[in-house]
Structures are given as structure tokens and as C-alpha cells.
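Please view the sequence and the structure together, then read the points below.

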Amino acid sequence: GPNALLYSDQIDNAAWTKSNATASAVSGVAPDGVSDAPALIENASTAEHYFTQSASRASATEDLCVYGFFKRRTGTRDVLLLIGSDGSNYAICRFDLAAGAAGSASYVGTATNGRAFMVDKGNGWFFCALVARCPASTSILAQAYLHNGSTTVYTGDSTSSIYAWRVGAARSGLPTRGALTTGTALASGTGQTGSGLYLKGLPASTQNIRAAGDMVEIILP
């Protein structure tokens, strides 16, 4: 999966701008059961509490995707994701980290066709992704907000927090597999290795789409 953002597993890194919140470097166990998962902790301000990063792209009207793995750490906060061309044209959607339910996308500016996806990854973790058609621009803007169930603008308690891991953004009309980045972006994703074949663009339900012994064709470059 491609990832245009840096330090996907380290929201405490300076590549991520934090607003009215702090990020801990090592806070919990990530969904892979091995990696460390950082946390975003709100402060006591009456404001929005979030982290954000932007990246460059070739200017085009196209679908953009923001994604990440999220889990409640302390308190009852949810996460709201934003994807857009800039601060004037974007889509947003709230993801309920208790019920495991994605809301409906809403828009500012000329972003359209928002689609939200949420998958239970076990142990309280959810993979969340938001895709939207965004206007031509040379940038991608991605943000993740703490949400108190009613709004993103509220008085924080200095303790409520969520885990955030493998956070990224991509030029894609479909959710992409979370890609690890550090100081270099993965514009085209990484090569596939091993016995697994990762796919995207499948139907919402893959029940019985293939059975053991079915013939498949893999075409190499």
C-alpha cells in the first residue's frame, strides 16, 4: 500500500503537527502484536485536539484516501478523519471506536463522494479509512481529530486519549493496506513478497469469492 506521509508509526515525531494535544512515543501494543503504538493525549484547552501532516502530489482532480489503525486508550473519545487537497476543500468522517461503526462523510469546499470504511482488527483496534474525490492541488492534507461524541471542539480533560498506528494517506480511490514509513514516503507502495498476495478493489463481501483449488492467473510485468 502506498503512503505519502512520513513516520506512519510515530505520531510523536516532529513530522506530525499536534494541536492542543501531545503524543507519547511508546504507549501500547500495536495490532501486529509486536510493534509499539503511540497515543494522542488531549490537553485542557477548549478547542480541537488533533494531529496532522501534509504531502505533495501532482495536481489533479482525483480520489484521496486517509487511513490508520485506532483504539481508545483512556476515556471515551472517538476519531474523526479528514482528507483533502487543503484546508478549504476536504471531507471528514467520525469513526465510533466503541461500536465499531463509521459515520457518513461531510464536506467543506468542493470535495465530493466520500466513502468511509472500518474493520475490526481485534483487541479494541479498528482500521479506519476515508476516501473522497478532491479538487486539483499539489498537496494532500490528512488529519485525525479526537471526537467527544458530539463535536471536535470541546474542553479537554488532559487525560483522554487514543492510540494511533500506521497512519497514512494515498492517491487512491480505495482503502489501501497500511504501509510503514519513516523518513521516506512510499508513493507506489512496496513490492509484494512471500506467499501472500494482497489485493484491493474487491467486493464489500468476499465470502465464497474463491475456494481452495480455484484457478487464478498472475501476470508479471
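**Salt bridges, cores and rings**

Asp 63 and Arg 115 form a salt bridge in which the closest N and O atoms are 3.3 Å apart. Asp 63 belongs to strand E6 and Arg 115 to strand E11 (residues 112-122), so the pair ties together parts that are 52 residues apart in sequence. The model is predicted, and the points below are grouped by topic.

**Salt bridges**

- A search of the whole structure finds 10 salt bridges.
- Asp 63 is buried, with a relative accessible area of 16%, whereas Arg 115 counts as partly exposed at 21%.
- Asp 63 also forms a salt bridge with Arg 133, with the closest N and O atoms 3.8 Å apart. This pair links distant parts of the chain, as Asp 63 is in strand E6 and Arg 133 is in strand E12, 70 residues apart.
- Arg 133 is partly exposed, with a relative accessible area of 34%.
- Glu 42 forms a salt bridge with Arg 77, and their closest N and O atoms are 2.9 Å apart. Glu 42 lies in strand E3 (residues 36-42) and Arg 77 in the loop between E6 and E7, so this pair ties together parts that are 35 residues apart in sequence.
- Glu 42 and Arg 77 are both buried.
- A network of salt bridges links Arg 72, Asp 78, Arg 94 and Asp 96.

**Nonpolar cores**

- The largest nonpolar core has 32 residues, of which Phe 51, Phe 70, Val 79, Leu 81, Ile 83 and Phe 95 touch the most other members.
- Elements giving two or more residues to this core include strands E5 (50-56), E6 (62-74) and E7 (78-86). Its largest share, 5 residues, comes from E12.
- Residues touched by Ile 83 include Leu 64, Tyr 90, Leu 130 and Ala 169.
- A second, separate core of 14 residues includes Cys 65, Ala 129, Tyr 163 and Ala 179.

**Aromatic pairs**

- The whole structure holds 6 aromatic pairs.
- The ring centres of Tyr 67 and Phe 127 are 6.1 Å apart and the planes are at 35 degrees, so the pair is tilted. Tyr 67 lies in strand E6 and Phe 127 in strand E12, so the pair ties together parts that are 60 residues apart in sequence.
- Tyr 67 is buried at 0% relative accessible area, and Phe 127 counts as buried at 10%.
- Ring pairs link Tyr 67, Phe 69, Phe 127 and Trp 165 into a cluster.

**Surface patch**

- A nonpolar patch on the surface, with about 740 Å² of accessible area together, is formed by Leu 197, Leu 199, Leu 202, Ile 209, Val 216, Ile 218 and Leu 220.
- Leu 202 is found in the segment after strand E15 (161-170) and is partly exposed, with a relative accessible area of 46%.

How values were computed: Residues are numbered from 1 along each chain as its sequence is written. This is a predicted model: local features need pLDDT of at least 70, side-chain atom pairs count only at pLDDT 80 or more; totals for chains, interfaces and linings use all residues. Side-chain values use heavy atoms; hydrogens and water are left out. Patches are made of residues with over 30% relative accessible area and no salt bridge: like charges are joined within 9 Å, nonpolar side chains (Val, Leu, Ile, Met, Phe, Trp, Tyr) within 5 Å. Accessible areas come from the Shrake-Rupley method with a 1.4 Å probe; for residues, only the protein chains shown count as cover. A salt bridge is a side-chain nitrogen of Lys or Arg within 4 Å of a carboxyl oxygen of Asp or Glu. Helices (H or I, at least four residues) and strands (E, at least two) are DSSP runs, numbered from the N terminus. Buried means under 20% relative accessible area, exposed over 50%, partly exposed in between (1.4 Å probe, protein chains only). A nonpolar core is a set of buried Ala, Val, Leu, Ile, Met, Phe, Trp, Tyr and Cys residues joined through side-chain atoms within 4.5 Å. Contact means heavy atoms within 4.5 Å. Rings of Phe, Tyr and Trp (its six-membered ring) pair if their centres lie within 6.5 Å; planes under 30 degrees apart count as stacked, over 60 as edge-to-face and the rest as tilted. Lists of a residue's contacts leave out its neighbours within four places in sequence.
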